[in-house]
Amino acid sequence: MKLLVFRALWGMTGSLPQQIAQIASAGYDGVECFPLEGVSIPVSELRPLLEQYGLKLIVGGMVSSADQIGTKLDQLAEYLPLKINLHSGRDAMPHDAGSAFFEAALTHTQRLQIEVCHETHRGRLLYTPWDTAFYLRQFPELKITADYSHWVNVCERLPDDQAEALTLANERTIHIHGRVGYPEGPQVPHPAAPEYATESGWHEAHWQQIKAIHQQRKEDWLTFTPEYGPPGYLHTLPFTNAPVADLWEICLWSANRSRQLFNL
């Protein structure tokens, strides 16, 4: 099994060719982006750059209602990604509406030759360990992107009391967003900071469990994105909005740390 480390375009500056060249020169295996959200990135612009540098691609999208899923997946599939990551539904949906959402999502996923994963994200259907476990038990084919930084923030604790839900989530994970969260927020100022060693260790232990499960399944690769974000995810100094750390350096440190941690 091979580890594939992706760099999110989130928070990067410069032109798209400059960003892709910078990612390639830093040794990343691929790019992750949300090409249809905000300032859109045309397929005709992105694909040639990726092919020029030999980079793989994971694309994401935001889908709030079941009737949007088919169109969004078709649009994202045009980018020829390795995987599609969705911010799925809304946290306020009752379980019957959430179930209808995932039923529609899985129906559309079956016709694609691309893996689709649903992110454990605040504000979305999978915003807590217990809600995620509810849907994973109901839909055995449902796959997720593990971004447990959100769960730590939502639960306001390292949710070790949700061991059963976490085990199930690790088993269904096909992509990792490797960001360390803490009880008061979804992103520590820097994952190397010793004052967040407990939180970093907790996240890394679950990433290691996901790696072990991938190896047991004899997967070809494990995909990992150190998805740290700019302000207001990244802490800033009062009155100046100056970041307390350099986002590029944080992501690169996390990428190198993942290679050391997984040893793949």
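**Asking how we know**

Me: Ile-84 in E4 has Val-59 standing opposite. What makes E3 and E4 a pair?

Reply: Strands count as paired if DSSP finds at least two bridges between them. E3 and E4 share 6 bridges and run in the parallel sense, so they meet that rule. A strand (E) is a DSSP run of at least two residues and a helix (H or I) one of at least four, both numbered from the N terminus. The model is predicted, with pLDDT of at least 70 needed for local features and 80 or more for side-chain atom pairs, while totals for chains, interfaces and linings use all residues. Residues are numbered from 1 along each chain as its sequence is written, and side-chain values use heavy atoms, leaving out hydrogens and water.

Me: Which strands form the closed barrel, and with what pairing?

Reply: The barrel has 8 strands, in the order E1-E2-E3-E4-E5-E6-E7-E8, with parallel pairing. From one strand to the next, the twist averages 30 degrees. Strand E1 (residues 2–8) and strand E2 (residues 30–33) are joined by 3 bridges, and Ala-8 has Glu-32 as its bridge partner in E2. E7 and E8 have 2 bridges, with Ile-176 opposite Phe-224.

Me: Why is E4 called largely enclosed?

Reply: Buried means under 20% relative accessible area (exposed is over 50%, partly exposed in between; 1.4 Å probe, protein chains only). In E4, 6 of the 6 residues are buried, so the rest of the structure largely encloses this strand. Lys-83, Asn-85 and His-87 point one way, Ile-84, Leu-86 and Ser-88 the other.

Me: What does Ile-84 touch, leaving out residues up to four places away in sequence?

Reply: Contact means heavy atoms within 4.5 Å. The residues that Ile-84 touches include Val-59, Leu-73, Leu-76, Leu-112 and Val-116. Ile-84 is also one of the residues with the most contacts inside the largest nonpolar core, alongside Leu-9, Ile-20 and Leu-46. Helix H9 (residues 247–262) gives the most to this core, 6 residues.

Me: Where around the axis of H9 do its buried residues lie?

Reply: The buried residues of H9 include Leu-247, Ile-250, Ser-254 and Phe-262. They cover an arc of only 135 degrees, which puts them on the same side of H9; the arc is that of the directions from the helix axis to the C-beta atoms. Against them pack E1, E7, H8 and E8.

Me: What covers the buried residues of H7?

Reply: In helix H7 (residues 163–172), the buried residues include Leu-166, Leu-168 and Arg-172. Their cover includes helix H5 (129–138), E6, helix H6 (148–155), E7 and H8.

Me: Which residues are in contact with Ala-104, setting aside neighbours within four places in sequence?

Reply: Ala-104, found in helix H4, is in contact with Ala-66 and Ile-69. Ala-66 is 38 residues away along the chain, yet the C-alpha atoms of Ala-104 and Ala-66 are separated by 6.2 Å.

Key. Core = buried A, V, L, I, M, F, W, Y, C linked by side-chain atoms within 4.5 Å. Axes fitted to C-alpha atoms, helices over the stretch in contact; angles between N-to-C directions.
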